[in-house]
Amino acid sequence: MSAQPEPAPGPTAVDGVPRGQAVLDDLVALLDLERLEDNLFRGVSPPVSLPRVFGGQVAGQALVAAGRTVPEDRGVHSLHAYFIRPGDPSIPIVYETERVRDGRSFTTRRVLAVQRGEAIFALSASFQLEQHGLVHSEPMPVGLPAPDELDDLGARAVRGESSWMSGLPRPLDIRLIGEPPRSRSTGPSEEPTRLWLRADGELPDERLLHVCLLTYASDLTLLGSVLARHPAPTGEVQMASLDHAMWFHEPFRADEWLLYECYSPAASGGRGLARGRFFTEDGRMVATTMQEGLVRVPGSGERR
């Protein structure tokens, strides 16, 4: 990664969770993997007490590992990934990159994240030389409040007070539109969950870094849209990402406001499917994501 920007003034914590430029710089450093061999990289987790590695982190790091083996003139346009085992945040993660194909327009990579000799995450990513072609996309939702019209409710408002991620350092500024999906006062809703987000500071001008930051952010709130379509459960819900896919349509900056719209079209078998769309403030749809996750309500008696 390139040199980091000077820290900017601003709040250092929200709801007791560290945030701001310094925290963002820590995330950028977290994505700056150590290169062990041409196709072998090593990453670490934040120095906080967590029961498992955050899925967005391992996805972002794996994408960095893939991108480090690809020419800079080829940007990532899609990724597909599986979460195989919970990662241990107390030990490093080794990322094994396979150079599947280097074509004239497209480059394909596979990455396996390994701890203690076992795979915890697998990713396939495709990169493309910039090309011109047909252009269209879905329109951005209208009539929504702007980010500066919304309160910064803090990480716990989105993740939940009892979430295992509630103490994770917060490199993003998140402005939720409406009540959180986990809110007890919110009944079932057919409306998507919507929020504005951006990196909580300035980022270097490095295209891969911005894509990896958005990959990290995409896993924070997506699966919560499954809960939004049902009455609030009476006990703790077990949730875990199973697979994740993203498509990147147009260039964007992750340190500028992006509208993230999340909606769950289906749920069954203890799993929920969620779809997300990212829009810039000027209405361009720049990325789409899909995720299936484990969503186990109290009393189901099931085990992964």
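1. Start with L259, which sits across from F279 of strand β13. That strand covers residues 271-280 and runs antiparallel to β12 (residues 258-268), with nine bridges joining the two. Strands here are DSSP E runs of at least two residues, helices are H or I runs of at least four, and both are numbered from the N terminus. Two strands count as paired if DSSP finds at least two bridges between them.

2. Before going on, note that this is a predicted model: local features need pLDDT of at least 70, side-chain atom pairs count only at pLDDT 80 or more, and totals for chains, interfaces and linings use all residues. Residues are numbered from 1 along each chain as its sequence is written, and side-chain values use heavy atoms, leaving out hydrogens and water.

3. Now look at the turn. The hairpin of β12 and β13 has two residues between its strands, and G269 there takes a positive phi near 60 degrees.

4. β12 has another antiparallel partner: five bridges tie it to β10, residues 193-199. L258 in β12 is the bridge partner of L197.

5. Next, is H244 buried or exposed? This residue of strand β11 (residues 238-248) counts as buried because its relative accessibility is 4%; the cut-offs are under 20% for buried, over 50% for exposed and partly exposed in between, with a 1.4 Å probe and protein chains only.

6. What does the H244 side chain make a polar contact with? The side chain of Q291, at 2.6 Å. (A polar contact is a pair of N or O atoms within 3.5 Å, one able to donate a hydrogen and the other to accept it; residues adjacent in sequence count only if both atoms are side-chain atoms.) Beyond four places in sequence, H244 is also in contact (heavy atoms within 4.5 Å) with residues including H80, F83, D219 and T289.

7. Finally, the search of the whole structure turns up four aromatic pairs. One of them is F248 with F252, stacked at 6.5 Å centre to centre and 25 degrees between planes. (Ring centres must lie within 6.5 Å; under 30 degrees is stacked, over 60 edge-to-face, the rest tilted.) Both F248 and F252 are buried.

Key: Rings of Phe, Tyr and Trp (its six-membered ring) pair if their centres lie within 6.5 Å; planes under 30 degrees apart count as stacked, over 60 as edge-to-face and the rest as tilted.
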